[in-house]
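Q: Hi, I'm new to this one. Can you walk me through it?
A: Happy to, let's take a look together.

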Amino acid sequence: MIVCHGYEMEFMKNHAQNLSFWMQSLPANMLEFPQPILQSEYDVAIVGAGFSGLWLAYYLKQAQPEWKIAIFEAKHIGYGASGRNGGWLSTNIPIVIGNLLKNPRWAKQDVVHLQRQIIDTIAEVANVCEREQIDCDLHQGGLMFIATSDAQASRLQDYHAEELAHGFLPHEIQWLGADAAKQHINIDIMQAATHYQYGARIHPAKLVLGLARKVIALGVDIFENTPVQNLSTHTVYLSHQAVKAQHIIACTEGYTDQLLQDGKVIPVNSSIIMTQVLPASFWERVGWQNNELLGDMAHVYMYAQKTADYRILFGGRGAPYQYGSRDAGDGELDHVTTAQLLQRLRELFPRQDFQVDTAWKGSLGVTRDWNASVTFDDKTGLGFIYGFGGNGVAPTHLAARTMTDRILGKHTALTTLPWNDYVCPTWEGEPWRWLGIQSMYQLLGLADQVENRLQLKKSVFFANTAYQICGLE
Ligand SMILES: Cc1cc2nc3c(=O)[nH]c(=O)nc-3n(C[C@H](O)[C@H](O)[C@H](O)COP(=O)(O)OP(=O)(O)OC[C@H]3O[C@@H](n4cnc5c(N)ncnc54)[C@H](O)[C@@H]3O)c2cc1C
């Protein structure tokens, strides 16, 4: 236990690989899966047992029940971002619109198309969970973005207008003044909010493990603790054996560069604290009865959810990038980042004495222009799904359905989405990569401080420079 800003923080000690609260709080039998017998040949080999790989196996099996499908997972099911995220099943799209539209191949209607598909994906995931009896605490309470300063309110207005221009209908996002917003969640310093009709809170580990169980029941072989060393046309190289497959799809997100070493997608950390269970008196004061997903408009923004067992999950950046593109490992989080997240949570709810139950981090997969890609070559049978940044829970489902259609050679609404065969620029080498990402986050943190201290009405002038450095503008 450590004491920080007057709060005691308890850190769970455990020995499982993925240190997230989600994984650690589940009974051991939910983590146990049979180890199948390896065949020499498959129709499809998938690398990575996160949402992308599992949804892909699920939809391929629906379409081609007789296909032999294997998933090779380096650690355990849900070890990566899928088992340690913020549980926002949200309508956020994993592209930067300005960057996409620089490419003459894509136009505004392609962004609208992607946005509408992702909106529909929320209901689709909920339907599958109901149909397949995957209990993942899914609650469709919508999403709220809040502004806690004038500068944030100004950005919220701009963002609201941009969302309406790129696929949302006016009734789907409601603008709320401070009083109306506090009816949803009583945060004293809130100045305004937008309330999205769509969006659901989930327990990500329950979803990823429940989905894996379903996929195994459909006849898919999942090999845990089986890292793929290399890929080539129709061959997957394991440590002691090569396996043949007609189609090979890498769904390795923040770990992709370790496999492909092409500098297209790198791991950037996101960090989370989970509070202990909060008392009824807190919830009476705060409301939050509809379990909305909650985010703010700070440059170094936060994201939160109220969990099914009455905790607050509170996430954000902090120690975002490790030199040499090292991934987040098992997820151990440093005390400074934990304290920063706790402090921001306390700013929103100053009357509550929060205790941190668990703190962890995970790797996002980030491309140079922050755009996701679903790439498939029907001649070689090789494909890749990656680049969701912090917005992958719903999009991985849509990307997997897109890849399913590509593998089956279909031409559908999904195969025209702008992430099909999207070629991302390559990241700079070190030390420029490290310097760029570090300076972006330093500048963004400074921008928040300056805006708050000087009570600026708009974003401070150098914030844009920070976004430009790392391709977010
Ligand atoms: C802390 C955090 C919070 C987030 N919060 C949200 C959120 O609230 N909402 C949202 O929409 N998105 C969020 N995201 C992003 C979202 O979780 C991801 O985009 C999504 O889970 C990616 O799924 P995936 O299956 O593509 O990748 P992953 O879940 O990362 O799975 C990749 C898997 O591949 C395995 N692997 C890697 N290399 C190999 C290899 N060589 N051989 C075999 N296996 C390999 C890994 O072990 C891993 O299990 C968050 C991410 C993080 C880290």
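**Domains and ligand**

A: Across the interface of domain 1 and domain 2, two residue pairs are in polar contact, both at pLDDT 80 or more; a polar contact is a pair of N or O atoms within 3.5 Å, where within protein one must be able to donate a hydrogen and the other to accept it, and residues adjacent in sequence count only if both atoms are side-chain atoms. This is a predicted model, in which local features need pLDDT of at least 70, side-chain atom pairs count only at pLDDT 80 or more, and totals for chains, interfaces and linings use all residues. Residues are numbered from 1 along each chain as its sequence is written, and side-chain values use heavy atoms, with hydrogens and water left out.

Q: Which residues of domain 1 lose the most area to domain 2?
A: Val96, Arg368 and Trp370, which together make up 71% of what that side buries.

Q: Switching to the ligand, which residues come nearest?
A: Ser52, Glu73, Ser82, Val228 and Val393, out of 38 residues around the ligand (a heavy atom within 4 Å).

Q: What do the ligand's nitrogen atoms sit by?
A: A polar backbone atom of Val228 is 2.8 Å from a ligand nitrogen, and a backbone N or O atom of Gly390 lies 2.9 Å from a nitrogen atom of the ligand.

How values were computed: Buried area = accessible area lost by both parts, 1.4 Å probe.
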